[in-house]
Amino acid sequence: MLEVIMGMLDPRSLARCTAVSRRWNSLARSGRLWHSLCRLRWKIKTPISRVRVYGDKSWMKVYHSLADRMRMPKGYYTGQRSRVFAFGRHSGVDLWVSVAHRSDCSLVSNPDGGRMVRLRITIQNTHHATVQVNTKSTGILLLKKCGTLENAIGDHKTDARCIDHYTWKKSIRASRRKKLAPRIVALNGRKVERLPGQTATLGPLGFTVIEAYMAGRECFEPEFLERCLRLQLKGRATTSSKGRPNEGSKWYPIAPIAQFCDDGEIWKHFSRLPGGCMYLNDLDEIRDQERQEKGFL
């Protein structure tokens, strides 16, 4: 009975149970409990008997090791091919930023003029409370190293302090701006075509992926990324631990921030070719890893 109750606890509460007594310590370190939490948080498919694949002797250590390394959960748009260029943790929310790469690593050309890059922002709720993300009311702010603060294309809910120095953004037609507005493309590892109200309610360990377009003057993705300092996403959370909070739930704002990697970490994934072209270095390596792992990692 005690082990069944422990199976309903969140990771933080379960870890605290190890300090109660020797019996509780033994039960709270159960590989079955921590393996279940690892599968729930990172969507891994590794059998419980293959714990040494991760270099640790227990699933409790594996869980804390993956959490300390800020591993991104596995799912649609968040697989092995997703190279993380920015990450952060704040107020029980983990945030990762990746790029929807093009074959030539160039920025997307807009028919109305200018260039833009398509970012994929992954948000995971690691707190016991409920987090809600709505692309119509959530602000996405990008701070550049030069000090400018920019918002995503089609995002009208950001602060008035944002500097929109790309004049071509103002000339984008309303119909096109609506299509380029931030939208939720995946929820809990599954692809989402149309989400009602563009609102994702994340329970404990739930995660979602937002796709947003950012304006850029650069020609290639690494040139854009090396000029970025950090990205902030504004949402809200409630103290309710239920998956669907009621009307009386009290919400408070959250603003997790993802810090971009240094230039060396960014450029190691890209190489220049004669003629001014670029390609991803580790694309073949990622494919080989996926074939070897066969879905176990």
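1. Let me start with β11, where F207, V209, E211, Y213 and A215 point one way while T208, I210, A212, M214 and G216 point the other way, and all are buried. Buried here means under 20% relative accessible area, exposed means over 50%, and partly exposed lies in between (1.4 Å probe, protein chains only). Since 10 of the 10 residues of β11 are buried, the strand is largely enclosed by the rest of the structure. Helices (H or I, at least four residues) and strands (E, at least two) are DSSP runs, numbered from the N terminus.

2. A word on the basis of all this. This is a predicted model, in which local features need pLDDT of at least 70 and side-chain atom pairs count only at pLDDT 80 or more, while totals for chains, interfaces and linings use all residues. Residues are numbered from 1 along each chain as its sequence is written, and side-chain values use heavy atoms, with hydrogens and water left out.

3. Which strands does β11 pair with? Strand β4 (residues 115-125) is antiparallel to β11, with 10 bridges between them, and R118 has Y213 of β11 as its bridge partner. Two strands are taken to pair if DSSP finds at least two bridges between them.

4. T208 counts as buried because its relative accessibility is 0%. A polar atom of the T208 side chain lies 2.7 Å from the backbone oxygen of A186. Beyond its neighbours within four places in sequence, T208 is in contact (heavy atoms within 4.5 Å) with I121, T122, I123, I184, A186, L187, A200 and L202.

5. Next, please look at the open sheet of 4 strands, which has the order β10-β5-β13-β14 and antiparallel pairing. β10 (199-202) and β14 (251-254) are the edge strands, each pairing on one side only. From one strand to the next the twist averages 25°, with axes being lines fitted to C-alpha atoms (for helices over the stretch in contact) and angles running from 0 to 180 degrees between N-to-C directions. Strand β5 (residues 130-134) is joined to β10 by 4 bridges, and the two run antiparallel. Within this region V133 stands opposite A200 in β10.

6. T199 also belongs to strand β10. Is T199 buried, partly exposed or exposed? With a relative accessible area of 24%, T199 is partly exposed. Setting aside neighbours within four places in sequence, T199 is in contact with Q132, V133, N134 and I184. The T199 side chain makes a polar contact with the side chain of N134 at 2.5 Å. A polar contact is a pair of N or O atoms within 3.5 Å; within protein, one must be able to donate a hydrogen and the other to accept it, and residues adjacent in sequence count only if both atoms are side-chain atoms. K136 is 63 residues from T199 in sequence, and their C-alpha atoms are 8.2 Å apart in space.

7. On packing, the largest nonpolar core has 40 residues, and those with the most contacts inside it are I121, I140, I210, F224, L231 and F260. A second, separate core of 20 residues includes C17, W34, C38 and M60. A nonpolar core is a set of buried Ala, Val, Leu, Ile, Met, Phe, Trp, Tyr and Cys residues joined through side-chain atoms within 4.5 Å. F224 touches L107, V117, L142, K144, M214, A215, G216 and E218, not counting residues up to four places away in sequence.

8. The hairpin of β16 and β17 has 3 residues between its strands, and G275 in the turn has a positive phi of about 95°. Strand β16 (residues 270-273) runs antiparallel to β17, joined by 4 bridges, with F270 partnered by L280. M278 and L280 form the covered face of β17 (residues 277-280), whereas C277 and Y279 form the uncovered one.

9. Finally, the chain as a whole has 9 helices and 17 strands. Of its 297 residues, 47% count as buried.
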